Amino acid sequence: MLTNKQKCDFKDNGFIVLPGFKSAAELSALKARANTIAAAHDFDDSQEVFSTARQRGPQADKGQDYFLDSGNEVRCFFEEKAFGADGALIQPLAQSINKIGHAMHDLDDVFRKFSHGEKLAELALDIGLGQTQIWQSMYIFKQPRIGGQVDWHQDASFFKTTPHSVTTFWFAVDDATLENGCLWVEPGGHKTPLRQKFIREGRQTKMIDLDKTPWPDTDSAVPVEVEAGTLVCFNGFLPHYSAPNISDKARHAYTLHVTDAACDYAPENWIQRSKDFPIGGFV
Ligand code: FE2
């Protein structure tokens, strides 16, 4: 699937942009299903917000259980700015959800179809993933006006394998632009150290600092503006971030985090699978 030049670019830059990877029909099916799941969310069951703050310190509350158990479920998380001072939603429910996670790729028929297939398997092989394992799926809404910033981070902080293998498959469901909060990456930044690791100890989680290398700035980072249907594939060590969505347009995206079964998956990673819910790959 990839040319030799594309394979070299992926190794050198840590990411590759593949326009037109998914068809308009595939995107609209996924978006419709995501909107249905969001609209059906039981507001009384959880008002859990997706927040990078949750990933910093030890937590032990109802929200922590909701988050931890989402690793092998299909659950909705709210935008931080979804709620007014009175605790009520500012926008309709379906326009207040930050993301759905984290096992739709195995548990939902529409997501399963989108997340598997020979085309993905062939691409994975080309970038060095011999035997894929899909640990996590996220449907990110980046809602108009309230879609929050995602701070600089490296996805390998959440999926340690030995040797390193986690790779992110980021599908643009809508056009991603500077205005609606496209990805920013640091070309070549996958060669910098892993700054942090996120680990699970029982029912608690914590983020541990590993390396003080600064996050990229506007001199070294580049925006990745792409059209809907584009797949951006990147090394788990690549620093990336996205700005808030201050526009009136949604910026839906779908991500998969994939490791190589030939590498040891760390027992302290927050998502684990049991024998009755085995981990699988693209085919
Ligand atoms: Fe990420």
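Colleague: What am I looking at, and how are residues numbered?
Modeller: A predicted model, where local features need pLDDT of at least 70, side-chain atom pairs count only at pLDDT 80 or more, and totals for chains, interfaces and linings use all residues. Residues are numbered from 1 along each chain as its sequence is written, and side-chain values use heavy atoms, with hydrogens and water left out.

Colleague: Which residues are the protein donors of the iron ion?
Modeller: His153 (NE2), Asp155 (OD) and His240 (NE2), lying 2.1 to 2.2 Å from the iron ion. Donors are N, O and S atoms within 2.8 Å of the metal (3.2 Å for Na, K and Ca). Water is not among the atoms, so sites may look incomplete.

Colleague: How are the donor residues spaced in sequence?
Modeller: The spacing is H-x1-D-x84-H.

Colleague: Is His153 buried or exposed?
Modeller: Buried, with a relative accessible area of 17%. Buried means under 20% relative accessible area, exposed over 50%, partly exposed in between (1.4 Å probe, protein chains only). Asp155 is buried as well, at 6%.

Colleague: New topic. What is the strand order in the open sheet?
Modeller: Seven strands run β1-β12-β7-β14-β4-β3-β2, with antiparallel pairing. β1 (15-18) and β2 stand at the edges, each with a single partner strand, so one side of each has no neighbour in the sheet. The twist averages 20° from one strand to the next. Strands are DSSP runs (E, at least two residues), and helices are too (H or I, at least four), numbered from the N terminus. Two strands pair if DSSP finds at least two bridges between them.

Colleague: How many bridges does β7 make with β14?
Modeller: Six, between residues 167-172 and 253-260. Thr167 stands opposite Val258 in β14, and Phe171 stands opposite Tyr254. Five bridges join β7 to β12, where Val232 is the partner of Trp170.

Colleague: Which way do the β7 residues point?
Modeller: Thr167, Phe169 and Phe171 point one way; Thr168, Trp170 and Ala172 point the other. All are buried.

Colleague: Last one. Where does Ser96 lie?
Modeller: In the loop between β2 (74-78) and β3 (97-102). Ser96 is buried, at 0% relative accessibility. Its side chain reaches the backbone oxygen of Pro92 at 2.9 Å.

Colleague: Leaving aside neighbours within four places in sequence, what is Ser96 in contact with?
Modeller: Its partners include Phe78, Leu89 and Ile146. Contact means heavy atoms within 4.5 Å.

Terms used:
A polar contact is a pair of N or O atoms within 3.5 Å; within protein, one must be able to donate a hydrogen and the other to accept it, and residues adjacent in sequence count only if both atoms are side-chain atoms. Axes are lines fitted to C-alpha atoms, for helices over the stretch in contact, and angles run from 0 to 180 degrees between N-to-C directions.
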